[in-house]
Amino acid sequence: MGGTPIYGVSSLLSFFLLFITSTVALPTPSPPKPHHRHHHSQPSIPPNSTTAAAGSQINSNSVLVALLDSHYTELAELVEKALLLHTLEQAVGNHNLTIFAPRNEALERRLDPEFKRFLLEPRNLHSLQTLIMAHILPSRVGSPDWPQPTDPSPRHRHRTLSSHHHLHLSTKPTGQKTVDSAEIVRPDDVTRPDGVIHGIERLLVPQSVQEDFNRRRNLRSISAVIPEGAPEVDPRTHRLKKPAAAAAVPVGAPPVLPIYDALAPGPSLAPAPAPGPGGPHHHFDGHSQVKDFIHTLLHYGGYNEMADILVNLTSLATEMGRLVSEGYVLTVLAPNDEAMAKLTTDQLSEPGAPEQIIYYHIIPEYQTEESMYNAVRRFGKVKYDTLRLPHKVTAQEADGSVKFGSGDVSAYLFDPDIYTDGRISVQGIDGILFPETEAAEPLRKPASPVKVVTKARRGN
């Protein structure tokens, strides 16, 4: 994730220590039992695993505890992120496991940051689970069991814990052992009574996970602007001169008019023409994207108040969907529930107050944690436009993170990249922001509406 760490080693270690201190001596794991193939949408669990796990618990000599070895802590954290601790506990109680574990270096430096970001997004939990389970065999395969180049069948096919996924083990003429296309760099690195860990050079990515990633990545490249004629804008009046010119617009080109002219007329904005081109059959479905990011906020946890304001107290969700459909991109600085709790009912009941507050938290640019942090590191202070004209929000580096606002009215980037689809970016912050002119009394009343006055035309 471009330098973003994966958290969870301490909690994972605490989880295993709790089992170690509370369990008694365990019998030697029983040999593998024959089982039938089951078809599930979730990662498969070996049959009878529930009854096997009910009478046993992992101990300090388990192969799962060995994942905390210094070479494989990154993989152990991914296991916790995938919520697979209980599943693997059941599997190790019923089987001897073989784990193909990428070393920390392979996951920290050699993994595509965009793919790593995809795996850790809450909505892609199933893909992460499938990927982790594809590295584990429900049987013990040590170095002596590896096929040799002289064998009649030099490639052995083994079913993994992931549904409908198999790994192929082989040995090159040079003697190098491989699993699929990855080399085994540390064979039999960790051996335990209930399993063995082989260190591999890189992550194994099942085809289904790769297809999910490609589908998400291709979604970002879809153009929201029709490659037709672009409207001409009179620079003096800032209005459209005529419908569409003959020249073609490059695919992916931004809308001609600024985002403020596309906002629906309201108490603080004068009517403005909608940017073109666009239509129900030719533009990107921004309403579905807005619905998707609001659902992500709810599932992420801690941002229910923000989602409630967007859906129930204002029509901003509909407005944001229309903007995205017309080709605009947005970055939402979302205050968490603790910050929103500081607002009172009176403050939100003022006419236009919820809209004014949320407008100041929406930036008409596409920014991620990485892009904002790089900007403040390079320039010190950066001012971003907001949908609340003419106010800007200031960002600067502080304590290794990005700090928005100034003085008491400030907030830190608390939960980065909650939602990033190439058009809408949601960044969680731990406070509510107000324009600097309202810093002295930010919670008394909403800002005065911004009035747009049309300039008198010459000769009228």
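Predicted model: local features only at pLDDT ≥ 70, side-chain atom pairs only at ≥ 80, totals over all residues.
Residues are numbered from 1 along each chain as its sequence is written, and side-chain values use heavy atoms, with hydrogens and water left out. Helices (H or I, at least four residues) and strands (E, at least two) are DSSP runs numbered from the N terminus.

**Backbone features**

- Most residues other than glycine have a negative phi, and most peptide bonds are trans.
- Asp180, which is not a glycine, has a positive phi near 55 degrees, and this residue lies in the loop between β5 (177-179) and β6 (182-192).
- Asp180 is partly exposed, with a relative accessible area of 29%, where buried means under 20% relative accessible area, exposed over 50% and partly exposed in between (1.4 Å probe, protein chains only).
- Asp417 is another residue other than glycine with a positive phi, here about 50 degrees; Asp417 sits in strand β15 (residues 409-420) and counts as buried at 12% relative accessibility.
- The peptide bond that joins Leu389 and Pro390 is cis, with omega at about -5 degrees, and Pro390 is found in the loop between β12 (381-385) and β13 (392-398).
- Leu169 belongs to strand β4 (residues 166-171) and is buried, its relative accessible area being 1%; Leu169 and His156 are 13 residues apart in sequence, and their C-alpha atoms are 5.1 Å apart in space.

**Salt bridges**

- The structure holds 10 salt bridges, each defined as a side-chain nitrogen of Lys or Arg within 4 Å of a carboxyl oxygen of Asp or Glu.
- Glu319 and Arg322 form one of these salt bridges, with the closest N and O atoms 2.9 Å apart, and both residues lie in helix α12 (residues 316-325), three residues apart, about one turn of the helix.
- Arg322 also meets Glu326 in a salt bridge of 3.1 Å, N to O.
- Within this group, Glu319 is buried with a relative accessible area of 10%, Arg322 is partly exposed at 24%, and Glu326 is buried at 13%.
- Asp385 and Lys392 form a salt bridge in which the closest N and O atoms are 2.3 Å apart; Asp385 is partly exposed at 29% relative accessibility, and Lys392 is partly exposed with a relative accessible area of 40%.
- A network of salt bridges links Glu121, Arg123 and Asp292.

**Aromatic pairs**

- A search of the whole structure finds six aromatic pairs, where rings of Phe, Tyr and Trp (its six-membered ring) pair if their centres lie within 6.5 Å, and planes under 30 degrees apart count as stacked, over 60 as edge-to-face and the rest as tilted.
- Phe115 and Phe118 count as a stacked pair because their ring centres are 6.0 Å apart and their planes lie at 25 degrees.
- These two residues, Phe115 and Phe118, are three residues apart in helix α7 (residues 113-120), which means that about one helical turn separates them, and both are buried.
- Phe293 and Tyr419 form a tilted pair, 6.1 Å centre to centre with 50 degrees between the planes; Phe293 lies in helix α10 (residues 286-300) and Tyr419 in strand β15, so this pair ties together parts that are 126 residues apart in sequence.
- Phe293 and Tyr419 are both buried.
- Phe115 and Phe118 also belong, with Phe213, to one aromatic cluster.

**A helix crossing**

- The axes of helix α4 (residues 73-81) and helix α8 (residues 125-133) come within 9 Å and cross at roughly 135 degrees; axes are lines fitted to C-alpha atoms, for helices over the stretch in contact, and angles run from 0 to 180 degrees between N-to-C directions.
- Helices α4 and α8 are therefore oblique to each other, since angles under 35 degrees count as roughly parallel, over 145 as roughly antiparallel, 65 to 115 as roughly perpendicular and the rest as oblique.
- The contact (heavy atoms within 4.5 Å) is made by Leu75, Leu78, Val79 and Lys81 of α4 together with Leu125, Leu128 and Ile132 of α8.
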